[in-house]
Amino acid sequence: MTDDAIKAAAEHLLALRRAATSGARLPPLLRPDSVEAGWRIQQRVTASLAAQPGGGVAGWKCGLPDGDKLFVAPIYVDGMIDADADAEAERARIERVEPEFAFLLASDLPARDAPYSIHEIDRAIGNTHLALEVLGSRVAKTEEPLAFAELLADGLMQRAMVLGPVASETRREPTFQLQIEIDGQPPEVREARHPNGDPRQPLYWLVEFLRAR
C-alpha cells in the first residue's frame with residue numbers, strides 16, 4: 001500500500017474511534033493487502049491518538065504469532081478502566097469480554113540494540129493482575145468476515161481493559177479452573193487454559209517484537 005492509502009485508511013478508522021460507534025468497513029482500495037500493511041495502519045492510528053491529550057498507549061494486548069499473523073494491538077490510556085470504577089458507559093458498547101492476565105511493569109524496557117533476556121523481562125514485571133478485555137469492533141457487522149490484516153489495522157477489536165485485583169500468578173500450568181460469577185446467576189466453573197500455555201510467553205515475544213522495530 002502507498003503511504004497515502006495508509007494515511008487515508010487510518011483517518012477512516014480514527015473517525016470511527018472518535019465517534020465511539022461502529023460504521024462502514026474500509027473502502028476496497030484502502031483495505032490492507034498484507035499483515036504488514038495492517039500493522040502500518042494500526043501504528044498510524046496510534047501516532048495520531050498519541051498526539052492528543054490522554055491518547056497515548058497504556059499497554060499492549062498480545063499473543064504469540066500464528067504463521068504470518070501478528071496478534072498485537074495497543075491498549076490506549078482512555079481505554080483503561082479500573083474494576084472499582086463505574087463502567088456503566090462501557091456496558092452499552094460491549095460485544096464480549098475475555099479474561100486476561102495483565103502484567104504491570106515496575107520498570108521500563110526502553111529501546112536498545114541488544115535483545116532483552118527473559119530474566120530482564122521477569123525482573124521488570126511488578127504485579128500481575130486479573131483483567132477483562134472488552135472487545136468491540138469499529139466496523140459494523142459485514143456479510144463476509146474481515147480479513148485478518150483489516151482486523152489488525154483496527155486493533156484486533158480491542159476496546160477497553162478492565163484492570164482487576166492482583167493475582168498470585170500461580171496459573172502457569174496448562175489448565176486451571178476459572179469461576180465466573182454474574183449478578184443474579186449461580187457461579188459457573190470452567191476448565192480454562194491460556195492459548196499460549198505459559199501466559200508470559202506472549203510478553204517475551206512482544207518485548208522483542210517492539211524492540212526490534
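Hi everyone, let's start at Asp154: leaving aside its neighbours within four places in sequence, Asp154 is in contact with Leu13, Arg17, Ser137, Arg138 and Val139, where contact means heavy atoms within 4.5 Å. Before I go on, this is a predicted model, in which local features need pLDDT of at least 70 and side-chain atom pairs count only at pLDDT 80 or more, while totals for chains, interfaces and linings use all residues. Residues are numbered from 1 along each chain as its sequence is written, and side-chain values use heavy atoms, with hydrogens and water left out.

Back to Asp154, then. You will find Asp154 in the loop between H5 and strand E6 (158-166); helices (H or I, at least four residues) and strands (E, at least two) are DSSP runs, numbered from the N terminus. Asp154 is buried, with a relative accessible area of 6%. Buried means under 20% relative accessible area, exposed over 50%, and partly exposed in between, using a 1.4 Å probe and protein chains only.

Next, Glu133, which sits in strand E5 (residues 125-135). Glu133 is buried too, at a relative accessible area of 1%. What does the side chain of Glu133 make a polar contact with? The partner is the side chain of Lys61, at 2.9 Å. A polar contact is a pair of N or O atoms within 3.5 Å; within protein, one must be able to donate a hydrogen and the other to accept it, and residues adjacent in sequence count only if both atoms are side-chain atoms. Not counting residues up to four places away in sequence, Glu133 also touches others, including Arg96, Glu98, Gln158 and Met161.

Now the rings. The structure holds four aromatic pairs; rings of Phe, Tyr and Trp (its six-membered ring) pair if their centres lie within 6.5 Å, and planes under 30 degrees apart count as stacked, over 60 as edge-to-face and the rest as tilted. One of them is Trp39 with Phe209, edge-to-face, at 5.1 Å centre to centre and 80° between the planes. Trp39 lies in helix H2 (residues 35-50) and Phe209 in helix H6 (residues 201-212), so this pair ties together parts that are 170 residues apart in sequence. Both Trp39 and Phe209 are buried.

Phe71 and Phe148 form another edge-to-face pair, 5.3 Å centre to centre with 70° between the planes. Here Phe71 in strand E2 (residues 69-76) is linked to Phe148 in helix H5 (residues 148-153), 77 residues apart. Phe71 is partly exposed at 28% relative accessible area, whereas Phe148 is buried at 16%.
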